[in-house]
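Please open the model in your viewer and keep the selection panel at hand. The tour goes from one selection to the next.

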Protein chains: 2
Amino acid sequence: MIDHLSRVDGTRVLADLHALRAIGAYKTGVHKPTFSEPHIRSLHWLVQRLPEASLAGEIDGIGNVLGASTKPGPKLLAGSHLESQNHAGWLDGPLGVIYALEAARVINRDPNISGAVEVASWCDEEGHFGHFLGSRSYVGGVTEADIDAAHDRSGRRMRDALRDAGLTGRARAQYERGRHIGYLEAHIEQGETLESSGLKIGVVTSIVGIWQYRITFTGEQNHAGTTRMAIRRDAGLALARFCVDIDERFPAACGSRTVWTTGRISLDPGAPSIIPGAAEMLFQIRDDDPAVIARLEDLLRSMAAEVDKQGRCSVAVERIRTGAPALMDVAFQQAVEQAGAACAGGRSLRMPSGAGHDAQILATVMPAGMLFVPSIGGISHHWTENTADADIVTGAEVFVDTCRRLLAR
Amino acid sequence: MIDHLSRVDGTRVLADLHALRAIGAYKTGVHKPTFSEPHIRSLHWLVQRLPEASLAGEIDGIGNVLGASTKPGPKLLAGSHLESQNHAGWLDGPLGVIYALEAARVINRDPNISGAVEVASWCDEEGHFGHFLGSRSYVGGVTEADIDAAHDRSGRRMRDALRDAGLTGRARAQYERGRHIGYLEAHIEQGETLESSGLKIGVVTSIVGIWQYRITFTGEQNHAGTTRMAIRRDAGLALARFCVDIDERFPAACGSRTVWTTGRISLDPGAPSIIPGAAEMLFQIRDDDPAVIARLEDLLRSMAAEVDKQGRCSVAVERIRTGAPALMDVAFQQAVEQAGAACAGGRSLRMPSGAGHDAQILATVMPAGMLFVPSIGGISHHWTENTADADIVTGAEVFVDTCRRLLAR
């Protein structure tokens, strides 16, 4: 009986993930923006599952779910998030929540294991209303004024969304110093490193920092028919040149895993018959080494100065987001690696996370660790995101074994 | 008395232009989108001026104003438009209408001059609801279904705008074959050729054609943190490269006055943490020689094929607008040039118009001509657009003298 309790049930894990996939389904993925009806329904679904794992919990005043255990012994916090990016994948978030739930189901009723896994679903990891609002609220980083000011891109106020979800007036769950030995989170890799190497488990060493810039070009708005090419000060063309220049000059200055992206471009006024007088791009750099970021930012600013010097358009580089990298706890890395050796034939790889995760917020108050499972084709933030069923089950086994090892230390 | 009547009154011309500038003023320019309250008020203002020039007219069912004369003899149609681009200049349009009004005031009451000038204000030359809707309606190129379908960028339906302006049910003025000896229009140059050469009058030889393209790049949308640079298929970067490539390769294939512009860029989905999976640019080429356009379009398509061949992103080039150049009537060019010799010391230059004008629509049914006055700094489609008072008055004198010469032929 105890033996049965202690085993991971892969079928149950897949069934739970499919149950969440059916809530807010979009093509083969889901569309569950934060505080949308399917997101709230997913949270209620999780609350109803908690007793299966001997946990009690509710949705808190910011949309977090925390399942608390009364079992004696050490407690490990584990989880992820249930909302999605728009029209995105079914595993980004739910995988980590269901792994945590499965670990709690396996461990919390087993009297031979000292301690328990407590399950967390952090609200708005995807940042519809703000960056990591749920986990930041838990560690004490979100004020009531922050919530008053928050709104999504459509202009919907967070207060209204909370009210519509019936959460007005509920307390927000708060981190209790000393309650947990640490935080463990599983996630799809969202890249193709594991898949292309035939590996099954990523042992996350760090979560890279994100530095974001607004780069603005100012030229001269003019008529697209009457202004000769020779005298134009086309801000859009200056922006295009800058993008190409970045692509040519960053490789010589970056680290081995640095990535950079221009995700948004707008030309002003944006009419086909008007030479753009201004243009703006949102530019992001990610790396786990602040020295690399500093070097690249210097390069960016010197490139802008060169454009300024040419005198045709002026460029302003404004840093609008600074994210220090988060290091994962060494003991957690070891536990994941040992579990990978025991349950996945050692097919694991130490790697940084290029994406941000709630683990980087929890890492500010307790030891934290993460493990990755492979993403098919490396695709994520798209409804075609997927992971092979066998890899999902292997990941669950490694996750639960990691929890066991951490509680046993 | 007759001598007095026959003279251009520069003070009156400037006063009228300033009266129109005061309606819908924005900084030193105006904001008069088509069918906005200040635009409609400007049309009523013009209707009230017509009797001064022995003309009778009303606003028609599409927002045109046509002032008809009962004077015997040949009739010359002259005018321009009264609406503006958003937050744009005070002279783009009104200059040509007031010159026409001044010509009618001078000529129509003068018994020594055979014939009359009839004044037109064409609606929506600026294309808020469609391209040249007013003049195209006059020459029979706009159906009721076209009007049903027309709306501005905000989604306001043209039918609703016409109703709000009290124009529902009014007939649309129609071109009468044989009524006019031709059409004359004055406009600011909107470029800096005249100013930089110290000249006062542009004798327009042709209005360039506008060819417009939607160029779409398809790559692969992915996570901006987890997708290594080496495997990215970034549609936004492909677009930026293409813009730079155009700028490098077009000069060797273009004509001496060809211009090209990327006026709008959008990345999909346009989020800072997502590699764009698709990107689109609106691209325009203008020239008065279709052979040049054909050569450049071939180049554009072969550049797109090269990008396709590299295999990282695919490119689709779709032509969405084809504008044949319009040639100005030779006799009209001569009349403008002779008037320039008589009234502006011969400081005129034959030149094509890089901008579109209602004259290109009228040119499809009658001889047409245009003259330009200098634009300070070449600026237009911006509220700082301006022309020196002395140049405005000189232009009016050349315009009225041109009308006299054309009627006398």
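What follows is a walk across the contact between the two chains.

This is a predicted model, in which local features need pLDDT of at least 70 and side-chain atom pairs count only at pLDDT 80 or more, while totals for chains, interfaces and linings use all residues. Residues are numbered from 1 along each chain as its sequence is written, chains are lettered from A in the order in which they are written, and side-chain values use heavy atoms, with hydrogens and water left out.

Begin by selecting the contact (heavy atoms within 4.5 Å), to which chain A gives 51 residues and chain B gives 51 residues. The two chains bury about 4,700 Å² between them, 53% of it on carbon and sulfur atoms; this is accessible area, taken with a 1.4 Å probe, that the parts lose on being put together, summed over both.

Next, select B:Glu192 and A:Arg228, which form a salt bridge with their closest N and O atoms 2.8 Å apart. Four salt bridges are counted between chain A and chain B, each being a side-chain nitrogen of Lys or Arg within 4 Å of a carboxyl oxygen of Asp or Glu.

Then colour strand S10 (259-268) and helix H9 (235-249) of chain A, which are among the elements that each supply at least two residues of the side touching chain B; helices (H or I, at least four residues) and strands (E, at least two) are DSSP runs, numbered from the N terminus. The largest share of that side, eight residues, comes from S10(A).

Finally, superpose chain A on chain B, which takes a rotation of 180° with 0.1 Å of shift along its axis (RMSD 0.1 Å), by least squares on the C-alpha atoms of residues with pLDDT of at least 70 in both. The two copies are therefore related as by a two-fold rotation axis. In chain A, the C-alpha nearest the axis belongs to A:Ala240, 2.2 Å from it.
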